[in-house]
Amino acid sequence: MSPRDESPLAISEHELAAMTSNLDEMHHESMSEVRDNMASLTERLASVAMSHASRRSFLLGSLAVAGTGVLAACGSSSSGGKAAGGATTSPSGSSPYTGDLKVVALAAALENLAVAGYGLALSNAGKGVYGKVPAAIGEFVTVAQKQHTDHAAAWNSVLKGAGVPQVTGTPLTIASGAVSALKSAKTIGDVAKVALGLENAAAQTYVFAAANVSDPGGIATAASIAPVEAMHAAILSFVLGQYPVPNSDIGISSAVQPSALTA
């Protein structure tokens, strides 16, 4: 018997379906709180961004009034590409995400990576790459992907409100490795192992974010989403027969650091 013909589930389809239903209920309950917290986060970050822009405009205006001739001279000799008053301008290619916004962008990128990963798994399943896939597995993957989509949209709404680019791709140093692993997967078990790694990383990144962002709305948002990601991981552990030990504390050893963001 081929490994692809063996049952990919260490639990029954009925058990998995019940877990998926509970997961969906948890997600819908949490999203109301998430949206409220993100509205608060968006307002504060937008205010900070406007404050920074106002201070920068004031500084540039003061320089222009105080030394118009000097600025004009600098402008006429800037063959090296430096702008007048170059100390106040961001270097070409620098990230638009700073402070709490970098953590928000990181979260959006992680959610996008999960969406893309589950999408690839669904596509390959439809092509028969993994053999016969139980309906309960397909339902779980579809539900988890939708939840990651909701989380990504929520984080991107914060970026949009703050006046910085939304994250539409997966600008992460870990992305290519995860996608490569999923493309190499030949069984549902292989896929579940990769997905489990991503879900654990996401949950722990949110715990890390809750301890490292400064905005109360950001802290509350991360704390609201982390349990949903942790439940994704727990369900995948059950699917693989790796029964998770109840633990009220989610670690951060697998958290993805903001430095992994390449945007």
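## Helices and strands

The protein chain has 7 helices and 0 strands. Along the sequence the pattern reads α-α-α-α-α-α-α. The model is predicted.

Contacts in the protein chain reach across the sequence. Take those with a separation of 6 or more: residues 24 or more positions apart account for 85% of them.

## Confidence

The average pLDDT of the protein chain is 81. A score of at least 70 is reached by 77% of the residues.

One stretch calls for caution. Over residues 52-92, pLDDT stays under 50. The model has 10 contacts beyond four places in sequence for residues 52-92. Where pLDDT is low, the predicted coordinates should not be read in detail.

## Burial and surface

The protein chain has 263 residues, and 40% of them count as buried. Its accessible surface is about 13200 Å². Carbon and sulfur atoms hold 58% of that surface.

## Nonpolar cores

The largest nonpolar core has 37 residues. W155, L159 and L172 have the most contacts inside this core. Helix α3 gives the most, with 10 residues.

A second core is separate and has 28 residues. Among them are A121, A136, F140 and A185. In soluble globular proteins, nonpolar side chains tend to be buried together.

## Around W155

W155 is one of the residues with the most contacts inside the largest core. Leaving out residues up to four places away in sequence, W155 touches M38, L41, V104, A107, A108, E111, Y206, T221, A222 and I225.

Y206 is also the aromatic partner of W155. The structure has 1 aromatic pair, formed by W155 and Y206. The pair is stacked, with 5.9 Å centre to centre and 15° between the planes. W155 lies in helix α4 and Y206 in helix α6, so the pair ties together parts that are 51 residues apart in sequence. Both W155 and Y206 are buried.

Terms used. Residues are numbered from 1 along each chain as its sequence is written. This is a predicted model: local features need pLDDT of at least 70, side-chain atom pairs count only at pLDDT 80 or more; totals for chains, interfaces and linings use all residues. Side-chain values use heavy atoms; hydrogens and water are left out. pLDDT is the predictor's confidence in each residue, from 0 to 100. Contact means heavy atoms within 4.5 Å. A nonpolar core is a set of buried Ala, Val, Leu, Ile, Met, Phe, Trp, Tyr and Cys residues joined through side-chain atoms within 4.5 Å. Buried means under 20% relative accessible area, exposed over 50%, partly exposed in between (1.4 Å probe, protein chains only). Helices (H or I, at least four residues) and strands (E, at least two) are DSSP runs, numbered from the N terminus. Rings of Phe, Tyr and Trp (its six-membered ring) pair if their centres lie within 6.5 Å; planes under 30 degrees apart count as stacked, over 60 as edge-to-face and the rest as tilted. Accessible areas come from the Shrake-Rupley method with a 1.4 Å probe; for residues, only the protein chains shown count as cover.
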